[in-house]
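Please consult the structure shown below alongside the text.

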Amino acid sequence: MLNLVLFGPPGAGKGTQSAMLVEKYKLIHLSTGDLLRGEIAAGTELGLEAKKLMDQGILVPDAVVIGMIGSKLKQNPNAGGFIFDGFPRTVAQAEALDLLLASSNTSISGMLALVVEEEELVARLLNRGKDSGRSDDQDENIIRNRIQEYNAKTAPLADFYTNQGKYKAIKGVGKIEEITSALNEAIAAL
Ligand code: B4P
């Protein structure tokens, strides 16, 4: 079973590259950002609470996203593998994911980290904000806050997966197809 974590700061290309990998490897795509935006669109209580945090560029509580991922895993007991996009984002989430997968006798195959420098991230997200309709893409201060949250709470996960021998950094700047090729090479070497 191939279980990939696609990792990187906001705007690194996780969503973009997930779409390519899902097709090639027939994986189920689990994006906590997409799941949260689905809750917001449906007007659920969870969505309303999450929106307040997302609009400030702050991470939503671990228990919320862990619960969402847990139920998605349960709904797909016969999956050939998963691609986790934007999850885990904290060490607590990574530990919970390991436990959830272990209870199904599987584990993370590898963590692929897209490396992009901050000014490029800000430019990409402001550009996406022109037509995405996403409130967290409209304002440079919110974008920088998201990057700060990433540096403080998510970047330490590189050590978490390095210690498990599962971390692989990939240059996230260049043509989208070139980055996909680099990811494919890394997956072949897992
Ligand atoms: P996400 O939805 O995960 O948002 P993101 O990190 O901004 O998106 P992504 O990184 O996938 O965008 P992409 O690079 O593909 O999270 C949003 C919010 O939800 C978070 O701030 C947080 O509040 C909350 N949240 C989500 N998960 C959570 C969790 N686990 N725990 C707590 N809170 C959570 O795309 C960016 C742009 O770059 C696109 O316009 C794309 O076209 C462009 N692009 C991609 N590749 C490119 C390339 N090679 N060159 C040029 N442009 C490129």
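Four helices each supply at least two residues of the shell around the ligand: helix 1 (14-25), helix 2 (32-42), helix 6 (118-132) and helix 9 (176-188). Among the contributors, helix 2 provides the largest share of this shell, with 4 residues. The model is predicted.

**Composition of the ligand shell**
- The ligand has 31 residues around it, and those that come nearest are Gly13, Thr32, Arg37, Ile58 and Arg146.
- Sorted by class, the shell comprises 13 nonpolar, 10 polar and 8 charged residues.
- The ligand sits in the largest pocket.

- The side chain of Arg37 places an N or O atom 2.8 Å from an oxygen atom of the ligand.
- At Ile58, a polar backbone atom is 2.8 Å from an oxygen atom of the ligand.
- A nitrogen atom of the ligand lies 3.4 Å from a polar side-chain atom of Arg124.
- On its own, the ligand has 1,000 Å² of accessible area, of which the protein covers 87%.

**Val115**
- Val115 belongs to strand 4, which spans residues 110-115.
- Is Val115 buried, partly exposed or exposed? Val115 has a relative accessible area of 45%, and because this value falls between the 20% limit for buried and the 50% limit for exposed, Val115 is classed as partly exposed.
- Val115 and Pro9 are separated by 106 residues in sequence, yet their C-alpha atoms are 7.9 Å apart in space.

Methods: Residues are numbered from 1 along each chain as its sequence is written. This is a predicted model: local features need pLDDT of at least 70, side-chain atom pairs count only at pLDDT 80 or more; totals for chains, interfaces and linings use all residues. Side-chain values use heavy atoms; hydrogens and water are left out. A residue is near a molecule or strand if one of its heavy atoms lies within 4 Å of it. A polar contact is a pair of N or O atoms within 3.5 Å; within protein, one must be able to donate a hydrogen and the other to accept it, and residues adjacent in sequence count only if both atoms are side-chain atoms. Accessible areas come from the Shrake-Rupley method with a 1.4 Å probe; for residues, only the protein chains shown count as cover. On a 1 Å grid over the protein atoms alone, a cavity is a set of points where a 1.4 Å probe fits but cannot get out, and a pocket is an open set with protein on both sides within 12 Å along at least five of seven lines; lining residues have an atom within 4 Å of a point. A molecule sits in a cavity or pocket if more than half of its atoms lie within 2 Å of its grid points. Ala, Val, Leu, Ile, Met, Phe, Trp, Tyr, Cys and Pro count as nonpolar, Asp, Glu, Lys and Arg as charged, and the others, Gly among them, as polar. Buried means under 20% relative accessible area, exposed over 50%, partly exposed in between (1.4 Å probe, protein chains only).
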